[in-house]
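Subject: Structure handover

Hi,

Here is the structure I promised to pass on to you. Have a look at it first, and then read my notes below.

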Amino acid sequence: MYRQTLVAVSTPQTVIDLRPACVADALCLSVLATQVFLDNYATQGIRPVLARAVLGAYSQAQFVRALGERDTRIEVAESRGHLVGFAQLTLGAGHPLAPDGTQAELLRLYVQEPFTAMRVGTRLLARAEALAAESGATVLWLTPWVHNQRALAYHARRGYRDHGRTEFVMEGESHENRLLAKVLGRTDA
């Protein structure tokens, strides 16, 4: 097992460690994912559809299950034993809008707001790209919500290109997402 340490740029005393997630992280992953999801997607409050989606997708049991899947990789960022972000990767996940090649999906890149200015997301994304490439992927793709302008701009700055519209359906409600993809090993993908 490896351990990658980075020192945050904005507060030198804050040390952020990156490491592979383990089953013992499932509870904290569940709560962190819920917090970041709601901060970004519940911009008008909580409705039953949204509440059910969050409780289903981000339960502790879901993370335990994901950590046991052969093609799932979850990398966590922690500060003094506290989880502050994570990247979740699904190897072999394809999408018809993504460029040709061996594909992997960046299912989630979630960082608590106080740590976004410390390059935690950038380090997690770089690690996810490396894990995908080490596993044979040549394309990494994700589907951010069309109204998450910060995520769209963030990934564009890191070489991800927009390949078209896709939909996220939640209890019959359709929400527009964009498929962003990067050809790994290239910065102009």
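Predicted model: local features only at pLDDT ≥ 70, side-chain atom pairs only at ≥ 80, totals over all residues.

The chain has 5 helices and 8 strands; both are DSSP runs numbered from the N terminus, with helices being H or I of at least four residues and strands being E of at least two. Residues are numbered from 1 along each chain as its sequence is written, and side-chain values use heavy atoms, with hydrogens and water left out.

First, the overall form. The radius of gyration, taken over C-alpha atoms, is 16 Å, close to the 16 Å from the globule rule for 189 residues, so the chain is as compact as a globular protein of that length; the rule is 2.2 Å times the number of residues to the power 0.38. Along its principal axes, the C-alpha trace spans about 45 × 40 × 35 Å. Of the 189 residues, 47% are buried (under 20% relative accessible area with a 1.4 Å probe, protein chains only; exposed is over 50%, and partly exposed lies in between). Among contacts (heavy atoms within 4.5 Å) with a separation of 6 or more, 62% join residues 24 or more positions apart.

Now to the inside. A nonpolar core here is a set of buried Ala, Val, Leu, Ile, Met, Phe, Trp, Tyr and Cys residues joined through side-chain atoms within 4.5 Å. The largest has 26 residues, and Val 120 and Leu 140 touch the most other members. At least two residues each come from strand S2 (15-20), S4, strand S5 (103-111), helix H4 (120-134), strand S6 (139-142) and helix H5 (149-157). H4 gives the largest share, 6 residues. Leaving aside residues up to four places away in sequence, Val 120 touches Ile 16, Ala 77, Val 84, Val 111 and Phe 115. Another core, of 20 residues, lies apart from it and includes Val 49, Ala 66, Ile 74 and Met 170.

H4 has 15 residues and reaches 21 Å from its first C-alpha to its last, close to the 21 Å expected (1.5 Å times one less than its number of residues). Its buried residues include Val 120, Leu 124, Arg 127 and Glu 129. After H4 comes Gly 136, with a positive phi near 100°. In helix H1 (residues 26-41), the buried residues include Ala 26, Leu 29, Val 36 and Phe 37. Helix H2 (48-57), helix H3 (60-67), strand S3 (72-79), S4 and S5 are among what covers the buried residues of H1.

Gln 88 is buried, at 3% relative accessible area. Its side chain makes a polar contact of 2.7 Å with that of Arg 108 (a pair of N or O atoms within 3.5 Å; within protein, one must be able to donate a hydrogen and the other to accept it, and residues adjacent in sequence count only if both atoms are side-chain atoms).

Finally, why are there 0 disulfides? A disulfide is a pair of cysteine sulfur atoms within 2.5 Å, and the sulfur of Cys 22 is 10 Å from the closest cysteine sulfur, in Cys 28, too far for a bond. Both are partly exposed, Cys 22 at 37% relative accessibility and Cys 28 at 42%.

Best wishes
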